[in-house]
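Hi,

As promised, I am handing over the model we talked about. Have a look at it first, and then read on for my notes.

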Amino acid sequence: MQIESISGLLLAGGRGTRMGSVDKGLQPFGGSTMAAHVLERLRPQVANVAINANQNLDAYGAFGVPVWPDDTPGFAGPLAGLETGLRRCTTPYLLTVPCDSPFLPADLAARLLAGLQAADADLALAVTEENGLRQPHPVFCLVKADKAEILSSYLAAGGRRMDGWYPQIKVAEVLFEDAAAFRNINTRDELQALDPARPPRLADVVSCLSAYDPDALPVRDAQKIIRDFVAPVRATEQVALRAALGRVLAADIVSPINVPAHDNSAMDGYALRGEDLLPDAELRLRVIDTVYAGRASSAVAGKGECLRIMTGGVMPAGCDSVVPQEFVKVLADDVIVMAPGTIRPGDNRRLAGEDLKAGSAALMKGKIIRPADLGLLASLGVAEVPVQRRLRVAFFSTGDELRSIGQPLDEGCVYDSNRYTIYGMLQRLGCDIIDMGVVRDDPAALEAALVDACENADAIITSGGVSVGAADYTRQIMARLGDVTFWKIGMRPGRPLAFGRIASGGKSAFLFGLPGNPVAVMVSFYFFAREALLRMMGAEAPLPLLKARSVAAIRKKPGRTEYQRGVLSHGADGMPEVRITGSQGSGILRSMSEANCMVVLHDEQGSVQAGEMVDVLMFEGLV
Ligand SMILES: Nc1nc2c(c(=O)[nH]1)N[C@H]1C(S)=C(S)[C@@H](COP(=O)(O)OP(=O)(O)OC[C@H]3O[C@@H](n4cnc5c(N)ncnc54)[C@H](O)[C@@H]3O)O[C@H]1N2
Ligand code: MOO
Ligand SMILES: [Mg+2]
């Protein structure tokens, strides 16, 4: 075996000066550390692994492999690490890799060995070609272990250059096509930018759009950015079956049994052998036993025999069909007759596993559990189910003019209604809510509220202050706390929207800064926040748009999406029809309350003629 002849050495002995004198290998990366990533890629390629390190020896020791500091003192560079490794190497070859190149090729050892052997060399190093220039990577090298002496005398003479001892040995270069695999990470910025566990930035997500104008953003682009940016919360919990109602299933549920477990009767009647049925003559059968649901019979029906059977009773041996009792004549206690053509073979038999087969997926991960699902799970005997942990959503209203219920309504003030509509919408989604009340138009208060929310919630919903008014501090503070962007969306109502992620105290939360107007807040919630929150909960539940006939003409300009409050009912022909209700001003909550749906008039749509079909979103049944 080739692997058996090679030992691996992770070079982690540097000072990491370019990263601010930190130990590079131990820097967090991709959910662990850079060294852990390199080790993971190196291990399968070699017989054994060791680490060359000069600081934090305990931390490196925690990887469970030998840790060797340089024999040559004074941070003499990677060559000192190579020397240390060669002297301790117990196999014919030593392969070195640096601790700051986490993407190293999976076939590094095999290809260097092939190159070394083909050239009958003592050392093989990796090279790549970038823009026609040959780029050597001398720290990715495979060396014959018996060259330790030569290297030691070079070091002892004060030599430090990686290639300084090449004249004394035979060196082979091995060309690798994938230059990116040798990328090394030198600065904190590179560390962040290349970290596979790094959450995307809004700028990354936005760059996927062909055209992006934050001041004229189409609804569907805003929805796409939000969808691509939010990430599901990973935590799950096990709950008792009833407690799972409305929760999001965290794993597929595989049926442990057939449902039903046996072939059984769908009718109260007589179980018989289909082959006994006569096409054109009356059939007379002898009743040999009775089968009740839950009490099977051991009797076996022979030719001309049947069993009385109840709905749900297990089909007796030999029988494959059931005739309902109202279709037969009972001649005596144990004799029935039936007319020809009353049933066909196989009728009224429910097959084992016709509901669910053992081993098949009964429910898929990501499903929001409804009453039917509870029943289905119960039919499998499942007592507990894994669900996503509830999403924690903090929300508050902003504005000096807002008063809470119970406070006197001072001049120029309004009662805070947004906190109640948001409460209702979040409750229906099944979130754990943190109601943070009203926050004054004061930068310090606003910042404190956002920081508090960020540290305690997965998502934050605010209302007000995202437009351009003089007291709208929200924008500046949100932008300061994280990666937040402000949009003017091509829609009515709900034009301004803030969206992003803020961070504080090592925690982060997705932020939806909804506009203050009471109808705009609801429309923005339903058409932007709802799907994103569901996605964070691990569920995909696109808005269920239906079609209805518009009773009257609706004026509409193409080029923006309009959400009009509507009342859906049934027309004279029984088909659904919708009429627009009340004033459509974005502060008029009464018409929102009167409505039972929203009429959605899309970007490209112009005015609607009476009788034309339009999309509607029903409020009832909407999570
Ligand atoms: N010059 C411009 N002015 C406005 C624009 C614009 O583009 N240029 N956009 C308008 C649109 S559209 C909307 S929507 C609002 C959004 O404004 P804000 O998000 O900054 O919200 P506020 O100014 O704080 O409040 C607007 C309105 O809503 C009432 N409100 C706010 N919060 C509540 C609450 N919790 N309960 C009840 N009512 C609330 C508030 O009193 C205001 O009347 O901006 C337009 N202006
Ligand atoms: O569009 Mo604003 O959002 O009019 O209320
Ligand atoms: Mg404002």
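Let me begin with valine 466, which is in contact with Asp472, Thr474, Arg475, Phe486, Pro496, Leu497, Ala498, Gly513 and Pro515, its neighbours within four places in sequence left aside. By contact I mean that the C-beta atoms of two residues, placed from the backbone, lie within 7 Å. Valine 466 sits in the loop between β26 and α12 (474-481). Helices (H or I, at least four residues) and strands (E, at least two) are DSSP runs, numbered from the N terminus. Valine 466 counts as buried because it has 27 C-beta neighbours inside 10 Å. The cut-offs are these: buried is 20 or more other C-beta atoms within 10 Å of the residue's own, exposed is 12 or fewer, and partly exposed is in between, with C-beta atoms placed from the backbone. Glycine 516 is 50 residues from valine 466 in sequence, yet the C-alpha to C-alpha separation is 7.7 Å.

Before the rest, some housekeeping. This is a predicted model, in which local features need pLDDT of at least 70 and side-chain atom pairs count only at pLDDT 80 or more, while totals for chains, interfaces and linings use all residues. Residues are numbered from 1 along each chain as its sequence is written, and chains are lettered from A and ligands numbered from 1 in the order in which they are written.

As for the overall layout, the chain is divided into domain 1 (3-194), domain 2 (236-256 + 358-388), domain 3 (264-350), domain 4 (392-536) and domain 5 (545-618), with bounds from an automatic or database domain assignment. Taken over C-alpha atoms, the centres of domain 1 and domain 5 are 67 Å apart.

Next, the sheet. Its 7 strands form an open sheet with mixed pairing, in the order β5-β4-β1-β6-β8-β7-β9. The edges are β5 (67-68) and β9 (171-175), each with a single partner strand, so one side of each is left without a neighbour in the sheet. Strands pair if DSSP finds at least two bridges between them; β1 and β4 do so in the parallel sense over 6 bridges. Glycine 8 has valine 49 in β4 as its bridge partner.

Asparagine 52 lies in strand β4 (residues 48-53) and is buried, with 27 other C-beta atoms within 10 Å. Its contacts beyond four places in sequence include Leu11, Gly13, Trp68 and Asp70. Glycine 13 is in the loop between β1 (6-12) and β2 (28-29) and is also buried, with 25 other C-beta atoms within 10 Å. An unreviewed UniProt entry lists Leu11, Ala12, Gly13, Lys24, Asn52, Asp70 and Asp100 under "binding site"; UniProt positions follow the numbering used here, feature names are shortened, and annotations may be inferred rather than shown by experiment.

Then there is helix α10 (residues 418-429). Asn418, Arg419, Ile422, Met425, Leu426 and Leu429 are its buried residues. They cover an arc of only 130° around the axis, which puts them on the same side of α10; the arc is that of the directions from the helix axis to the C-beta atoms. On the other side, Gly424 and Gln427 are exposed. Cover for the buried residues includes β22 (392-398), β25 (432-439), β26 (459-463) and α13 (518-536).

Happy browsing!
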